Amino acid sequence: MNVNRNIKWVVALTFVLGYVFSVMAGSESSARSKSASGHQLEPIEEAEAETPDTNWKAVDVENSMPSSFSDCQPNVINRADTLSKVFDILCKSGRPLRILQLGDSHVAGDSYPQAVRERLEAAWGKAESETDTTGVIFSYRGSNGATTKRFATADWMRKIAAESPDLIILSFGTNECHGMGYDEAQHHAQLQEFYDMLTETCPDAVIMMTTPPGDYLTTRRKRRSRSTRANPMNVRCAAELELFGKENGLPVWDLYTIAGGTDAVRNWTSANLMKPDRIHYTPEGYALHGHLLGEAILTAYNQYLNNPS
């Protein structure tokens, strides 16, 4: 009898002690789940990755095209949707957008690319360094008398790669077609060689082309007389650049057509925006080129914001 009584006491004591420890453990767990203010804490969830909160908005785009220009076309970029990758970097990457413009004497004269930079920095901000989280870094390289063939060298590829551009703007064509011997097939081959080198050097960059603004040809005759006429090769060159862009899915800003096509040079000269050689432009003329290009890029940017992927 004493043995059975002792066994019952042990069982009862074990049950009581188990209950006490269970209550104490529950109270301690409840206490840990409260904040210092006594409020119940929410369960901790793993934070999701966030994209930079840049709050990008559409910008007001000016219209710098002179009202005196005739036969103008809308100032837009053909296949502007191909710039989406560029605008993704601007709006979502958390780093500056890097743009590099390459070209002939029109670019080398500074006024043209500086005007592009002016428009874009006014809209997106100027990045002071690579460590900035937004803004644009705009650089340019130009060479007098250059065609794309002059830039298709290993030395130029090293210089271009050093810029790490996200967008490369190619502004050539005047020297390719300045003369009645312009050959579309030769021009296409030179474009292809340069394009292949660029895509190998900067495989992640978007490449955009612009067409030349137009120029005049001067024919020397006997007794030192000269005749000057609008260069009829401009329209063929612009068409070849657009064709190359279409074949390769590249954005093209067709300044020649936008500014009046066959009337373009007359528009420029009537507005006193060309130099006496009727090949190059005044600083005001080049500034107008740049402002128009900047405005076309900003128009594409607004379209991108309105049609997010």
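This is a predicted model: local features need pLDDT of at least 70, side-chain atom pairs count only at pLDDT 80 or more; totals for chains, interfaces and linings use all residues.
In soluble globular proteins, nonpolar side chains tend to be buried together. The largest nonpolar core here has 48 residues. Within this core, the residues that touch the most other members are Leu 83, Phe 87, Ile 99, Trp 124, Trp 253, Trp 268 and Ile 297. Helix H11, which covers residues 283-306, supplies the largest share of the core, namely ten residues. There is also a second, separate core of 27 residues, and Trp 156, Cys 177, Leu 191 and Cys 237 are among them.

Trp 124 is found in helix H4. Trp 124 has a relative accessible area of 5%, and because the cut-off for buried is under 20%, Trp 124 counts as buried. Apart from neighbours within four places in sequence, Trp 124 is in contact with Trp 56, Phe 87, Leu 90, Leu 97, Ile 99, Gly 135, Val 136, Ile 297, Leu 298 and Tyr 301. One of these, Val 136, is twelve residues from Trp 124 along the chain, and the C-alpha atoms of the two are separated by 6.7 Å. Ile 99, in turn, is in contact with Trp 124 and Val 136, and also with Leu 120, Ile 137, Phe 138, Ser 139, Leu 167 and Ile 169, again leaving aside neighbours within four places in sequence.

The next step is the pair of helices H4 and H11. H4 runs over residues 111-124, and the axes of H4 and H11 come within 7 Å and cross at roughly 35°. The crossing is right-handed. On the H4 side, the residues that meet H11 include Tyr 112, Ala 115, Leu 120 and Trp 124. On the H11 side, the residues that meet H4 include Tyr 286, His 289, Leu 293, Ile 297 and Tyr 301.

His 289 belongs to helix H11. Is His 289 buried or exposed? Its relative accessibility is 0%, so His 289 counts as buried. Leaving aside neighbours within four places in sequence, the contacts of His 289 are Tyr 112, Pro 213, Trp 253, Leu 255, Trp 268 and Tyr 281. Trp 268 and Tyr 281 also belong to one aromatic cluster, together with Phe 69 and Tyr 286.

That leads to the aromatic rings. A pair of aromatic rings is described by the distance of the centres and the angle of the planes. The structure holds twelve aromatic pairs. In one of them, the ring centres of Phe 151 and Phe 172 are 5.2 Å apart and the planes stand at 70°, so the pair is edge-to-face. Phe 151 is in helix H5 (residues 148-151), while Phe 172 is in the loop between strand S3 (167-171) and helix H7 (184-201), so that the pair links parts of the chain 21 residues apart. Phe 151 and Phe 172 are both buried.

Phe 172 takes part in another edge-to-face pair, with Phe 194, at 6.3 Å centre to centre and 85° between the planes. Phe 194 lies in helix H7 and Phe 172 in the loop between S3 and H7, so this pair ties together parts that are 22 residues apart in sequence. Phe 194 is buried, as is Phe 172.

The charged end of Lys 159 sits over the ring of Trp 156, 4.6 Å from the ring centre. Arg 278 lies over the face of Tyr 216, at 4.8 Å from the centre of that ring.

Key: Residues are numbered from 1 along each chain as its sequence is written. Side-chain values use heavy atoms; hydrogens and water are left out. A nonpolar core is a set of buried Ala, Val, Leu, Ile, Met, Phe, Trp, Tyr and Cys residues joined through side-chain atoms within 4.5 Å. Buried means under 20% relative accessible area, exposed over 50%, partly exposed in between (1.4 Å probe, protein chains only). Helices (H or I, at least four residues) and strands (E, at least two) are DSSP runs, numbered from the N terminus. Contact means heavy atoms within 4.5 Å. Rings of Phe, Tyr and Trp (its six-membered ring) pair if their centres lie within 6.5 Å; planes under 30 degrees apart count as stacked, over 60 as edge-to-face and the rest as tilted. A charge sits over a ring if NZ of Lys or CZ of Arg is within 6 Å of the ring centre and within 35 degrees of the ring normal. Axes are lines fitted to C-alpha atoms, for helices over the stretch in contact, and angles run from 0 to 180 degrees between N-to-C directions. A crossing is left-handed if the near helix is turned anticlockwise from the far one by less than a right angle, and right-handed if clockwise.
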